[in-house]
Amino acid sequence: MGRTLYEKIWDEHVIAGVGETPLLYVDLHLVHEVTSPQAFDGLRLNSRRVRRPDRTIATADHNVPTEPLSVPVADPVSARQLEALDENCDEFGVTLFPRGHENQGIVHVIGPELGLSQPGSVIVCGDSHTSTHGALGALAFGIGTSEVEHVLATQTLVQQKAKTMAVTVNGALRPGVSAKDLVLAIVARLGTGGGAGHVFEYRGEAIRALSMEGRMTVCNMSIEAGARAGLIAVDETTIEYLRGRPGVAAGSAFEAQAERWRAYVSDDDAIFDAEIVLDAADVVANVTWGTNPAQVVALSGTVPSPEEARADQREAFERALAYMDLTPGTPVREIPVDVVFIGSCTNSRIEDLRAAAKVAAGRSVAPSVRALVVPGSHHVKAQAEAEGLDEIFLAAGFEWREPGCSMCLGMNPDQLRPGQRSASTSNRNFEGRQGRGGRTHLVSPAVAAATAIAGHFAEPGDLS
Amino acid sequence: MKAVHVVEGRAVPLERADVDTDQIIPSEWLKRVERTGFGRGLFSEWRDDPAFVLNQAEYAGASILVAGPRFGTGSSREHAVWALMDYGFEAVIAPSFGDIFRNNSSKQGLVIVQMPPEDVANLTRLVKEDPSRHVVVDVENLVVEVPEANWQRPFALEAATRERLLNGWDDIGLTLRRDEEITSYERGHGNPSWAGLLTS
Ligand code: SF4
């Protein structure tokens, strides 16, 4: 019987003696400042070393301010956490891309762009959106702090095998509909727990047609449907994306490597434990209306009514409406926003910025709106500046900031004030996620830019 | 991790259901770099209330928390376990627990005792009647006792978890004993291609 892509990667990485718990070997361990300090401390306490510093790479992203480097980190607790990362990486011989370094950026943006995230590998990070790297045909998932320490010390994880779910998207997305709209539709379909215990493999024509960056957006949000990880089989899009990246081989060595990578696909006769099928033509521009990422409505639609919810979810539905201060039946297009955030590991790559800049070009942000663009990494920022996107954004009245997680989770000063409403290209609309009392609506980069200009939810086609 | 055979001390009856990890330790504490000092953040929203049970003098210095059903659900933050242990708790007794919390606890040596609701209710009654009564959680023999009240009940613990507690093993210690297996795996696995990017 054939094997799924997940099973192939599992089989190649499992270390299991007779009667012993399976250990999974980790090829790449990405580290950031928030979930690592106590793990490094644990090593120190037990006089342990980092087993494979050459497989461990750190960056500062969650806490960093997105002001220019000359602005110091204002919050002393955040500053201390960033310093600790410097000291720990220094002491244990781990390569770190700190604030201001040319390779610095959101951990899930830099892994792929530097060519560290490679097909067939196992990638972990103390962050649940590690699923992003699955777009390259890698098994990638988030872990807790004790597990971070375990990987630092042993380069392995104690693991049980997951189930597999094929998420098949047939047909073609309609023009103007993005990968973000697609993944919001998938999360809405499955619900926040629908993928629990499973590793997804996204398949079908519409997935094959996505760019690598679109695939990352899709895999990124696997976790919002409860899945441990999301995978996409290797094809020529994957190979071409990796060609020439700093972390991969060059020349004939690359061709040989690429040939091996092409094997990271599910066999035709592989059997998945579950499957869902969607038609890409049904996907429209989407907006979340509530306080979890499965509470999705079409931008052209109206705020739903609690009567549409299942009886056992009605209370949560009503609580979400109250928190979001929304009235059922209100057209989504009539909801005004205060803040627009274009960034996060979901949508801060060059294509995302291009899509937003195309909408912003020659237009102006509505006077009532604060709009931020936060590139995912220094490389993205430099590329955007080389293309003149920064000037388009600045001329239109957007802020152009330094890379980091920023308003995705509001651990740095980029936060919503109580009662403010945002259109955000990030991945979580939980209560208070972007700042205490803030109200978050998840959207695509093009919708975010159009919304900034209109002052209320809008698609690019709505603008004059 | 320290070996744990027996936990003995006063017990605090929490008497609340669905205590999630956000309530155990609020998110503003996640910026800290230490594993210690989280005790001050434990249940910090509730501790502002002078009537909250942890603020009662007769429970000062308690080492066992007696909680309601579904204790420790919610986010995966290990900080919740660190906060309980830093405050001085060595065991939590409840009718049920959040999965990740239970897992995180087992990695830190916080003893998780799951007992039927009626046993937890009886134990709660006993320590409320007389807060000075000592409770004994015996990991070796898998029983909870209140010797003064002549009360004793068994509890179940996964064999591997019990063994790890009794020996003070952590997962890392156990995995490191398989170093040869890992090394031999690595020999066949090749090296990463990004060496040129590594600057430290
Ligand atoms: S951008 Fe947001 S979701 Fe992504 S790693 Fe940073 S905080 Fe997490």
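Which residues of helix α3 (residues 79–87) of chain B are buried? Let's start there, keeping in mind that this is a predicted model. The buried ones are His79(B), Ala80(B), Val81(B), Trp82(B), Ala83(B) and Leu84(B). Look just after α3(B) and you'll find Gly88(B), which takes a positive phi of about 125°.

Now zoom out to the rest of chain B. You can pick out eight helices and eight strands there. If you boxed up the C-alpha atoms of chain B along the principal axes, you'd need roughly 65 × 40 × 25 Å. Chain B has 200 residues, and 52% of them count as buried. What about contacts between residues at least 6 apart in the sequence of chain B? Of these, 66% join residues at least 24 apart.

Next up, the aromatic rings. A pair of rings is described by how far apart the centres are and by the angle of the planes. Searching the whole structure, over all chains, turns up 15 aromatic pairs. One of them is in chain A, where Tyr6(A) and Trp10(A) sit 6.2 Å centre to centre with 40° between the planes, a tilted pair. These two belong to helix α1 (residues 5–13) of chain A, and because they are four residues apart, about one helical turn separates them. Here's the handy rule behind that: an α-helix has 3.6 residues a turn, so residues three or four places apart point the same way. Tyr6(A) and Trp10(A) are both buried, too.

Hop back to chain B for another pair, Trp29(B) and Phe38(B). Their ring centres are 6.2 Å apart and their planes lie at 50°, so this pair is tilted. Are these two residues buried or exposed? Trp29(B) has a relative accessible area of 13%, which is under the 20% cut-off, so it is buried. Phe38(B) comes in at 0% relative accessibility, so it counts as buried as well. Over in chain A, ring pairs also link Phe393(A), Phe398(A) and Trp400(A) into a cluster.

Last stop: two helices in chain A. Helix α12 (residues 350–360) of chain A and helix α13 (residues 378–386) of chain A have axes that come within 10 Å and cross at roughly 40°. That makes α12(A) and α13(A) oblique to each other, and their crossing is right-handed. Who does the touching? On the α12(A) side it's Ile350(A), Leu353(A) and Arg354(A), while α13(A) brings Val380(A), Gln383(A) and Ala384(A). Sorted by class, the residues in this contact are four nonpolar, one polar and one charged.

Notes
Residues are numbered from 1 along each chain as its sequence is written. Chains are lettered from A and ligands numbered from 1 in the order in which they are written. This is a predicted model: local features need pLDDT of at least 70, side-chain atom pairs count only at pLDDT 80 or more; totals for chains, interfaces and linings use all residues. Side-chain values use heavy atoms; hydrogens and water are left out. Axes are lines fitted to C-alpha atoms, for helices over the stretch in contact, and angles run from 0 to 180 degrees between N-to-C directions. Angles under 35 degrees count as roughly parallel, over 145 as roughly antiparallel, 65 to 115 as roughly perpendicular and the rest as oblique. A crossing is left-handed if the near helix is turned anticlockwise from the far one by less than a right angle, and right-handed if clockwise. Contact means heavy atoms within 4.5 Å. Ala, Val, Leu, Ile, Met, Phe, Trp, Tyr, Cys and Pro count as nonpolar, Asp, Glu, Lys and Arg as charged, and the others, Gly among them, as polar. Rings of Phe, Tyr and Trp (its six-membered ring) pair if their centres lie within 6.5 Å; planes under 30 degrees apart count as stacked, over 60 as edge-to-face and the rest as tilted. Buried means under 20% relative accessible area, exposed over 50%, partly exposed in between (1.4 Å probe, protein chains only).
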